[in-house]
Amino acid sequence: MADELLGIMQMSDSLFPAGMFAMSNGIEAMHRAGDISTAADLETLLRSYLAHQTGPSDCAAAVRAHRCAGEGDIGGIRDLDARYLASKSVREIREASVRSGTQMLRCITEILHDEEIRNGRMSGTYPVSFGVCCQALGISAHGTAMAVSYGFVAGCVGAALRLGIIQHMEAQGIIHNLKPDMERSALDGCGSDTVWQFCPQAEILQMAHENQDSKMFIT
Amino acid sequence: MRRVPRVGIGGPVGSGKSMLIERLVPVLVRKGYAAGVISNDVISKEDADRIRATLSADCTVPGDLVVGLATGGCPHTAVREDPSMNLAAIEQMVRDHPELDIIIIESGGDNITTTFSPVLADYFMYMIDVAGGDKYPRKGGLGIQSCDLLVINKIDLAEHVGADLDVMRRDAVRSRGEKPFLFTDCRSNTGVDEVARHIIRDLLFDAPPGAGGP
């Protein structure tokens, strides 16, 4: 129990070296477009992300990868990885997901599928790698989904802090307020047989953000 | 995959890191070394775009050998606590260009405690400029104290901003002991050859170009 709890903390800590600190998940683009300017705006956006992307896509992919890794189903992980990658329409999101996922796998050494990635047979997307690493660390499927969910929210809130949209107390308030949504998002991921997402407005803004000359975040 | 020797260049915004790279790389290329550049930027890829334009104008370096990374407002994190983005970029660069002899990684930001992770950079240069005030070497900080080579740039401006180079020289010795420092004026190429000599001697151990082999 303690091992699992500590493993969840480790995997969802911003200290974990996977490069996620450079992502704003569209928040920079939305802030520039004038769509987000207050803590309430951010909280509403994150609630929507958790329901329409993090739960059904990231948590679901991490949980399925976790299950496949537990069963030694390498083909299943490879298939899931390819499907997840194909579902991301924003180029910089795809590239960052692969970069972070691959680095995460490297960090959790001796992971069984690492050779697959080295040989280019798998992309190593972030949530898929996350699920595989959590399985290796003895973290449950639910714990895995919770870590994905929390990591997403904490990353977005951190980006909003650096962009000056919110202040430090507001950041903690948002995280606190979203706890039920994070839990729901994780449960959605655990109970899902499919990986899907629906956030076209955010994706269109992120596509435009890719081509901006001056920006703080990858996307 | 073999490890291509890497130089990390840190220092405050505006100290001349990009200019140094633009002047340093042609010196290395003229000596036969194949070089790549990764530029971590706080707010944009402007530095990388400028370096790429400068170095590819005379075919010194192919365009894909200058890569810009957006670092989410945390350039120091990207080269120290979590260098994963840079490591991935280096890996891709070496995969595409196995002929490389050296990779230069630039990271800006007004933080005198900036250092590079040894996993990322084998040789660390910290750059300041006289216009920031002659107090800088005295203030110390991890970057100034621990770097392999301290570069004090824009010495041509010293008389205009009231900076005393003798004070900077004295304080650099005080805070760094026997570790080297150089005065440069990159715009006029003053001291750039000496920077290249330090890198070739202390990082490449005087190995000839291509010694690492693809």
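A residue counts as exposed when its relative accessible area is over 50%, as buried under 20%, and as partly exposed in between. Keep these cut-offs at hand. The model on screen is predicted.

**Stop 1: chain A, helix 4.** Select A:Arg83 and A:Asp79. They form a salt bridge, with the closest N and O atoms 3.0 Å apart. Both residues sit in helix 4 (residues 74–87) of chain A, 4 residues apart, about one turn of the helix. Color by accessibility. A:Arg83 has a relative accessible area of 56%, so it is exposed. A:Asp79 comes out at 39%, so it is partly exposed.

Stop 2: Go to B:Asp171 and B:Arg170. A salt bridge links them, the closest N and O atoms being 3.0 Å apart. B:Arg170 is partly exposed, at 38%.

**Stop 3: chain B, helix 9.** Select B:Glu194 and B:Arg197. In this salt bridge the closest N and O atoms are 2.7 Å apart. The two residues are 3 residues apart in helix 9 (residues 192–202) of chain B, so about one helical turn separates them. B:Glu194 is partly exposed, with 28% relative accessibility. B:Arg197 is also partly exposed, at 48%.

**Stop 4: a network in chain A.** Now select A:Glu43, A:Arg47, A:Asp181 and A:Arg184. Salt bridges with shared partners join these residues into one network.

**Last view.** Zoom out to all chains. The count over them comes to 19 salt bridges.

Definitions and conventions
Residues are numbered from 1 along each chain as its sequence is written. Chains are lettered from A and ligands numbered from 1 in the order in which they are written. This is a predicted model: local features need pLDDT of at least 70, side-chain atom pairs count only at pLDDT 80 or more; totals for chains, interfaces and linings use all residues. Side-chain values use heavy atoms; hydrogens and water are left out. A salt bridge is a side-chain nitrogen of Lys or Arg within 4 Å of a carboxyl oxygen of Asp or Glu. Buried means under 20% relative accessible area, exposed over 50%, partly exposed in between (1.4 Å probe, protein chains only).
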